[in-house]
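The sequence and the structure come first.

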Amino acid sequence: MSFPLPDELIASIFEDLDVPSLLRCMRVCKRFQPIILQSSALLYKISLFSAQMSDVKHCDWDLPRRLEAIQRYTDSWNDLQFPTHKQIPMEDAQPWDLVNGVLTQARPDGGISCVQMPCSIKGIPEHRWVTPTDFLIRDFTIDMSQDLLVAVEFSHGCDIHLRSCTTGMVHPETTCPRIRPSFLSIRTRSCFLIRVCGPYIGVLFSDRWLTPSAAAFAVWDWRTGTQKMLIRGREFRSFTFISDELILVVFISGGQVSLRILPVIHELVSSASDVEYLCELRYPKLRATVDGVLIISEPSPTSTVPTNFQAPFTYSSTDVLFTITLKYSLDTVSMSAVVLLVPRSTILSHVSSISTSPEKHLEWESWGAKGSRMLLLAPSDIWVCHTYGMKYIHKDGGVSASIYDFNPYVTNKDVNTASCPRISWTAMEKETIIRGRTNPFEMDVVTSLPGRKAPLPLTPNGNGWEAAMITEDHIVMVQSEVDDGPGIYAYMAM
């Protein structure tokens, strides 16, 4: 087939196509393939898509430098190369958070200490700073994309402060610098799960010592301080935001665990058992006792790039992995854990499919077997950020870990084969089966979400590591105690 157009004009036309269309053009026409492969703009576009990254427009790097960086970045993940290793002292017994490559710790005298970990490929240097506050922090989280610090103080009540995470001053976009939950009558022994998504902050107040009426889940608009939702009861055990319109909660009642998707409904006050939901995705029936459950997902679905962020690209959030860790005990075994790894796309597809159906729930066989991967793992006593994007990390031994990657564009391509033996990754087995005496469910559980897996040696440490975490550009290790003193963090950076 002849095209009476110069190659440069064809390449310019191709820049308006999405990547799947570009790849189809490469397959169907011999002339199109070299045009695409010789265009830096099109190669950059394809490379970003395959790595699930998006371009940062305000970065001043030119196109050749950006293309070289994304190719090096992809190679570094394929080869698991993290040349920079460094330690960070641990504040003694203080809460901490890890968000978008920034490790933050509450300080004993108030405020938080922050470390932006480096990435040489993206031109990000290490940066350390202290954000002061005029109160002691009981718990907190940050959202770097909005320069937001959400910090809980206990003095004469429970106060939720809304500050800048760079200056510690009242956040300039809020008209209510402090929120006091009037419904919380018990202020001792409470624990908090705090999440931020765009204009909303959600807090789960829960603890085994709280009465069912005291346990609560609340959502506020942090810019105005307006309470949007209040749901009471112990049935909600963990949550995260799917978007700024949808919330994913773990609901446990009797022997049934399920994932419920709720809309953010303004002025909703309800009990957990009565609140209306859009969709319920049920686990297999339990035969074990649940000891704890936690949902982790990073980055936030509304996360944006700050204008002072000069990296050439960042995670696109086209899809993210939700990891639901369920700790349980059986008479025959000590405490164990199953981790359910499920993409946001799987959940949203089911929300859409049953939106007009009178039945709002799906049994496990209808959604979980092919749309997720469940792993039986040894539980960790340390709260960790073990997922980022479509990757998940689990510490295997004292100085080793396994990384799982469910990015569909690399699952079958960037793996160890006879033609590409240098890559550490291997395709996961077709199915994972949980059965036998350690199985917490009444049935054998078979899952088959495609993915790849790789072993990763961690930074050597004489005491070993208690947990491993992952970010967009880093592996982070945790050791809570060193020779009866404060522990340490350490990072491995690209």
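**Second largest pocket**

The lining of the second largest pocket divides into 13 nonpolar, 17 polar and five charged residues (Ala, Val, Leu, Ile, Met, Phe, Trp, Tyr, Cys and Pro count as nonpolar, Asp, Glu, Lys and Arg as charged, and the others, Gly among them, as polar). The model is predicted: local features need pLDDT of at least 70, side-chain atom pairs count only at pLDDT 80 or more, and totals for chains, interfaces and linings use all residues. Residues are numbered from 1 along each chain as its sequence is written, and side-chain values use heavy atoms, with hydrogens and water left out.

- In all, 35 residues line this pocket, and Gln116, Met144, Pro306, Asn308 and Phe309 lie nearest its centre.
- Two or more lining residues come from each of β6 (127-131) and β21 (313-315) (strands are DSSP runs of E, at least two residues, numbered from the N terminus).

**Serine 145**

- Serine 145 sits in the loop between β7 (139-143) and β8 (148-154).
- Serine 145 counts as buried because its relative accessibility is 14% (buried means under 20% relative accessible area, with a 1.4 Å probe and protein chains only).
- Leaving aside residues up to four places away in sequence, serine 145 touches Ser303, Thr304 and Pro306 (contact means heavy atoms within 4.5 Å).

**Strands β20 and β22**

- Strand β20 (residues 289-296) pairs with β22 in the antiparallel sense over seven bridges (pairing requires at least two DSSP bridges).
- Glycine 292 has lysine 327 in β22 as its bridge partner.
- In β22 (residues 321-330), eight of the 10 residues are buried.

Notes
On a 1 Å grid over the protein atoms alone, a cavity is a set of points where a 1.4 Å probe fits but cannot get out, and a pocket is an open set with protein on both sides within 12 Å along at least five of seven lines; lining residues have an atom within 4 Å of a point. Helices (H or I, at least four residues) and strands (E, at least two) are DSSP runs, numbered from the N terminus. Buried means under 20% relative accessible area, exposed over 50%, partly exposed in between (1.4 Å probe, protein chains only).
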